[in-house]
Amino acid sequence: MIECVSCKAKYDSDEIIYTCEKCGAVLEVVVDVDVSKETFDCRKDTLWKYKEFMPVDESKIVSLDEGGTPFCKCEKLGKDLGVELYVKVEGSNPTGSFKDRGMSVGMTKAMELGVDTVGCASTGNTSASLAAYAARAGLRCIVLLPSGKVALGKLAQAMFHGAEVLSVNGNFDEALDAVTQLALEKHLYLLNSINPYRLEGQKSIGFEIVHELGWNSPDRIILPVGNAGNISAIWKGITEFHNAGYISNKPMMTGIQAEGASPIADAFRKNAMDIIPVKNPETIATAIRIGAPVSSIKALRAIYDSNGYSETVTDDEILAAQLELARKEGIGVEPASAASIAGLKKLVNDGIVDKGEQVVCVVTGHLLKDPNTAIEASTEPIEIEADVEQLKNILLKNK
Ligand SMILES: Cc1ncc(COP(=O)(O)O)c(C=O)c1O
Ligand SMILES: N[C@@H](CCOP(=O)(O)O)C(=O)O
């Protein structure tokens, strides 16, 4: 069953519907599961390990073995900040971002519904993931990208996996409005996170975190927020495991936005439930360059209900955190992902995060998604001849 998050109107799971016909709010899939947590033992480490919680037809699964991503303890960074820090490395998914979790379940639903064309608007990662999963499923794929604002790696993925790529003169929010209209006119099945089945896949990040911690919740989960689906999904997953009795506590959900694209952090500051959309969002972290997040209600609920927090970080803070994570811990992430680390640093400094807290930062996409930003932040290679004496000189000079 699908339910409106606001007026609680109910819809059949066979209906292709994205928002409530009665009040216009976003929808969520209601799952009712009664299995013991031991059920998941000895299963392959993909999100389908938790298949009882995935409300789709098991015989139609479209998968690239997404999920089961690394959960790295960051001793050095954690010590510097005075917290017990873990990083959930979502860049290790098949196309290099957490979107694959959502796409696997969303594409399975598409197969169940028998659609022939799927589509999305994207700042890059959704399109890369959708293109790969559509190829796997054998469906036509249309993606709308804001012209000139998509990182190179993501664009290459969408094109190479065979999506029909449309470059829109406008920003992500405008592209999403346009593709949503196409979906409402039934030209394609929309697989942005406004589709509640996308979030069913992404909730598995929450499942894996508490499972990794021995069926315990961390004190806090911090993640970057753009269209606001992921924070909502992780909270849904945590809540479902809590309701199932697998865990007894829940984390403070903490959403970080870029300063130039921060409607949710702005609403949080005012203790409000409604956002004021940002007309011209701007940030170097193109993945979260979003002014009107479709899941803002779900995200703000997650933050308020969990006694969580929301904060902004500057582009400079994002780039510094990206470099620090790469150099101190060997974890390469794209700029948007580093917003979680930048946010943690700011919240420690401001005394919002307590010393000794157990914190999980979700880093959402791989470094190679945005090679240009990485190269610009690095020192150029030194040109030399293949000469041992010259090499030795350089080694000694740089020691
Ligand atoms: C790498 C990356 N991080 C974070 C986000 C933000 O996630 P959400 O839109 O679910 O808030 C996105 C896309 O939106 C992304 O591509
Ligand atoms: N960063 C996203 C923006 C779209 O988000 P979605 O989760 O609603 O698909 C992207 O990668 O395109």
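1. A residue counts as buried if 20 or more other C-beta atoms lie within 10 Å of its own, as exposed if 12 or fewer do, and as partly exposed in between, with C-beta atoms placed from the backbone. Lysine 99 is buried, because 35 other C-beta atoms lie within 10 Å.

2. This is a predicted model, in which local features need pLDDT of at least 70, side-chain atom pairs count only at pLDDT 80 or more, and totals for chains, interfaces and linings use all residues. Residues are numbered from 1 along each chain as its sequence is written, while chains are lettered from A and ligands numbered from 1 in the order in which they are written.

3. An unreviewed UniProt entry places "modified residue: N6-(pyridoxal phosphate)lysine" at Lys99. Such annotations may be inferred rather than shown by experiment. Lysine 99 sits in helix 2 (residues 99-113); helices are DSSP runs of H or I, at least four residues, and strands are runs of E, at least two. Beyond its neighbours within four places in sequence, lysine 99 contacts Asn125, Thr126 and Ser129 (C-beta atoms, placed from the backbone, within 7 Å).

4. Ligand 1 has 17 residues around it (C-beta atom, placed from the backbone, within 6 Å). Gly226, Asn227, Asn230, Thr364 and Gly365 come nearest. Helix 8 (229-243) and helix 12 (335-349) each supply at least two residues of this shell.

5. Three strands form an open sheet in the order 2-1-3, with antiparallel pairing (pairing takes at least two DSSP bridges). Strand 2 (10-11) and strand 3 (27-29) are the edge strands, each pairing on one side only. Glutamate 3 has lysine 10 as its bridge partner in strand 2.

Definitions and conventions:
Two residues are in contact if their C-beta atoms, placed from the backbone, lie within 7 Å.
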